[in-house]
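This report describes selected local features of one protein chain.

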Amino acid sequence: MPGPRFTLDRSSPVPLYFQIAEQFEKAILSGKIAPGERIDNEISLAKELGLSRPTMRQAIQVLVDKGMLVRKRGVGTQVVHGKIRRSVELTSLYDDLSAAGQKPRTDVISVGKVAAEEDVARELQLETGDDVWSLERLRYVGAEPLALMHNFIPIEVIDLAAVDLEKTGLYAHLRASGILMRVARQRIGARGATVEEGALLSEKKGAPLLTMQRTAYDNAGRAVEYGRHAYRPDLYAFELTLVDR
């Protein structure tokens, strides 16, 4: 089954793989590509569009991660019944709290260089074992612990040892350093708190927590930050504005 007709703007700061993924998603949500239908393989699509195979593979992977496509051995890549997902704004918790007139406080639990594990390396487009910055923080609103945040950043992006992250937000520092985050892939979920998380967030083991994983990309399409965060649902919620188009 052929894919939709793509319109690629090669002069745009939006990465080509993201442009492709976005147009595929629109075609699936609009019904132009029906659940169960197969799409052309990555090699054929890459050749048709004059793109590299890794670029096309990355575009397909975005939709696999969203649950809209599935790869089946011996069958190929198929459209599945996609879940409705809406992205929230590309801001940080520090930005959100400050904009709401709150006075966020941060305790830095740890910061240093570590060897990237497989999932971190995949998200940051690195090799497993490459050095990355690992930053763990506990964010408060008033006297209450609100969120436990763990961020990973490639060491060539910025030097985290040179900034006081208890007094400034990570995203604010990235912007001040000339790093502009253009797009992000984000997943929101929920799970029970671990013993360690419960102790830090003033919750019991197994208490429900909101979770968010985000990989942010700069204007050149480079992965500059990967975050895994957990929030107390009694103090924080993800709010979306949906528009009928």
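In which sense do strand 5 and strand 6 pair, and over how many bridges? Strand 5 and strand 6 (residues 144-154) pair in the antiparallel sense, over 10 bridges. The model is predicted, so local features need pLDDT of at least 70 and side-chain atom pairs count only at pLDDT 80 or more, while totals for chains, interfaces and linings use all residues. Residues are numbered from 1 along each chain as its sequence is written, and side-chain values use heavy atoms, with hydrogens and water left out.

**Strands**

Helices (H or I, at least four residues) and strands (E, at least two) are DSSP runs, numbered from the N terminus. Two strands pair if DSSP finds at least two bridges between them. Strand 5 also runs antiparallel to strand 4 (residues 104-115), to which 11 bridges join it. Within these pairings, Ser110 has Glu136 of strand 5 as its bridge partner, and Arg139 has Ala147 of strand 6. The hairpin of strand 5 and strand 6 has 2 residues between the strands, and Gly142 takes a positive phi near 65° there.

An open sheet of 3 strands has the order 1-3-2, with antiparallel pairing. Strand 1 (38-39) and strand 2 (69-72) are at its edges with a single partner strand each, so one side of each has no neighbour in the sheet. In this sheet, Lys72 stands opposite Gly76 of strand 3.

The strand pairs compare as follows.

| Strand pair | Sense | Bridges |
|---|---|---|
| Strand 4 and strand 5 | antiparallel | 11 bridges |
| Strand 5 and strand 6 | antiparallel | 10 bridges |
| Strand 2 and strand 3 (residues 76-79) | antiparallel | 4 bridges |

**Helix 2**

Helix 2 (residues 42-49) has Glu42, Leu45, Ala46 and Leu49 as its buried residues. They lie on the same side of helix 2 because they cover an arc of only 100° around the axis, the arc being that of the directions from the helix axis to the C-beta atoms. Lys47 and Glu48, on the other side of helix 2, are exposed. The buried residues pack against helix 1 (16-30), helix 3 (53-65) and strand 2, where contact means heavy atoms within 4.5 Å.

At the N-terminal end, Asn41 caps helix 2, with a side-chain oxygen 3.1 Å from the backbone nitrogen of Ile43. Just after helix 2, Gly50 takes a positive phi of about 70°.

**Second largest pocket**

A pocket is an open set of points on a 1 Å grid over the protein atoms alone, where a 1.4 Å probe fits, with protein on both sides within 12 Å along at least five of seven lines; lining residues have an atom within 4 Å of a point. The volume of the second largest pocket is about 320 Å³, and a volume is the space filled by probe spheres set on the points. Its lining has 13 residues, of which Gln58, Gln61, Arg122, Gln125 and Arg185 are the closest to its centre. Helix 3 and helix 5 (118-123) are the elements that give two or more residues to this lining, and helix 3 gives the most, with 5 residues.

**Val157**

Val157 is in the loop between strand 6 and helix 6 (170-176). With a relative accessible area of 11%, Val157 is buried. Not counting residues up to four places away in sequence, Val157 touches Leu174, Ile179, Arg222 and Val224. The C-alpha atoms of Val157 and Val224 are separated by 6.6 Å, although the two are 67 residues apart along the chain.

Terms used:
Buried means under 20% relative accessible area, exposed over 50%, partly exposed in between (1.4 Å probe, protein chains only). A polar contact is a pair of N or O atoms within 3.5 Å; within protein, one must be able to donate a hydrogen and the other to accept it, and residues adjacent in sequence count only if both atoms are side-chain atoms.
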